Every structure is written in C-alpha cells, then in structure tokens.
Amino acid sequence: RVAEVEAEEEEEWKPKGKASAKKRKAEKPPSKASWVASPHSTHRTDGADETVAQIAVRLGVPLFDLIFLNRAKLPRLSGEDRLKRDTRLLVPAPVDVQAVRAGSASMRDEWHTVAADMSFKDCARGLGMEPRELLRLNTHIKGLQVSSELLQGTRLILRQSAHEAEEYCHWTFPEDDPANAEPSYMMAR
C-alpha cells in the first residue's frame, strides 16, 4: 500500500503533456500547518497609545510570552511596537501552580526505600499492598521473588506513572541506523 501511495503522489506532481523546462506552480496547495498553543485568551487593543510591553504589564503577563504566542500572526512583533486599534492579541493564561504540581505528580513514579532488612512479604504488608502486585511493579530488580529478603536501602516502586518515557533519537544522518544512535527521553502528554 505504501508503494501505491508514493506512486500516486509522484503522478500528481508530474507535468501533464510534454515535459517543459519552465517552472510551474504546484497543482494542489500544500495543507495548512496546524499549531498548538498553551491556554490563552484574546485581547483587542483599544487604540490607546501604548506599546506591546505596556500591554503586557497591564495584563500581568511576561512580555516574551505575549510576543511568542502572537508570532505566528505578527512575526515582527517587539516590545516597542505600537499596535493599531482593534488589533487582536493572544494573551497567555496565568499559570495555575497547584494544577501544574498535581499534573507533574501524576507523571512520576512513587518509590519506597526499605528502612531495615525484612522479607518481601512483610514489606508488602507494611505498605498495604498485595505481594504479587508489588512484585509486578518491581520487575527491574533481577531475581526478586515473593520469598526474597530485602536489604536496607532497597528502592521499590509503589505506583507507576500513567505516562511513559519513550525512547527516540533527535536526528541521524540518512545512512545511520537509528537503532545504534544514542537515545533521548521525552515526556509527552
């Protein structure tokens, strides 16, 4: 199916009729790019003689964030610019620190460090967990069994994050094998 799609795409861009050395416009326009932005609201300028920097101060947002959020529509926007009346600006929403903390807590594993030497079963019971469930969460410890003895300082996972870090490679040369490249880790929601 991939070969069919590639062949169809090649046919769409081939010149019709006799080959020509002249440049020509593409027959179908490229698709519009979509963009993603952080939560925001809109603000229309009222015509007062104020700069973008003054608007940022009045709205209580960082100037850089205001410029960055509006650069798709106003690419040359700077802090000294004076805007025309009824210019629409995207204004970043204030950061809710508690929501960010709650969201970041759900992205982390919850760990427990064993305080003293004890059996795995006793540790699981002390944590209020079923030993088999605790064992399932800690497959990273080689040879761990329900009958194992845990040493002081052993770190156990109590809860795994719902978000997984996925290995990817930033970039490679075309002839490189991505499997042999150094991995990076990225968290995405």
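These points cover a surface patch, a cavity and a pocket in a predicted model.

1. Surface patch. Three valines, Val-95, Val-97 and Val-100, make up a nonpolar patch on the surface. Together they have about 270 Å² of accessible area.

2. Val-100. This member of the patch sits in helix α4, which covers residues 97-106. Its relative accessible area is 47%. Val-100 is therefore partly exposed, because that class lies between buried, under 20%, and exposed, over 50%.

3. Rolling a probe the size of a water molecule over the atoms shows where empty space is left. In this model the count comes to 1 cavity of 30 Å³ or more. The volume of the largest cavity is about 50 Å³.

4. Cavity lining. The largest cavity is lined by His-43, Thr-45, Asp-46, Gly-47, Ala-48, Glu-50, Ile-55, Arg-58 and Leu-83. By type, the lining divides into 3 nonpolar, 3 polar and 3 charged residues. Ile-55 and Leu-83 are among the lining residues and belong to the nonpolar class; Asp-46, Glu-50 and Arg-58, also in the lining, count as charged.

5. Open space. The largest pocket holds about 210 Å³ of space. Of the 11 residues that line this pocket, Pro-39, Pro-92, Ala-93, Pro-94 and Val-95 are the closest to its centre. The pocket lining divides into 7 nonpolar, 2 polar and 2 charged residues.

Note on methods. Residues numbered from 1 in each chain as written. Predicted model: local features only at pLDDT ≥ 70, side-chain atom pairs only at ≥ 80, totals over all residues. Heavy atoms only, no water. Patch = residues over 30% accessible without salt bridge, like charges linked within 9 Å, V, L, I, M, F, W, Y side chains within 5 Å. Areas by Shrake-Rupley, 256 points an atom, 1.4 Å probe, with all protein chains shown as cover. Salt bridge = Lys/Arg side-chain N within 4 Å of Asp/Glu carboxyl O. Helix = DSSP H or I, 4+ residues; strand = E, 2+ residues; numbered from the N terminus. Buried < 20%, exposed > 50% of the residue type's maximum accessible area, 1.4 Å probe, protein only. 1 Å grid on protein atoms, 1.4 Å probe; cavity = no way out; pocket = protein on both sides within 12 Å on 5 of 7 lines; lining within 4 Å. Points joined across faces, edges and corners; volume = space filled by probe spheres on them.
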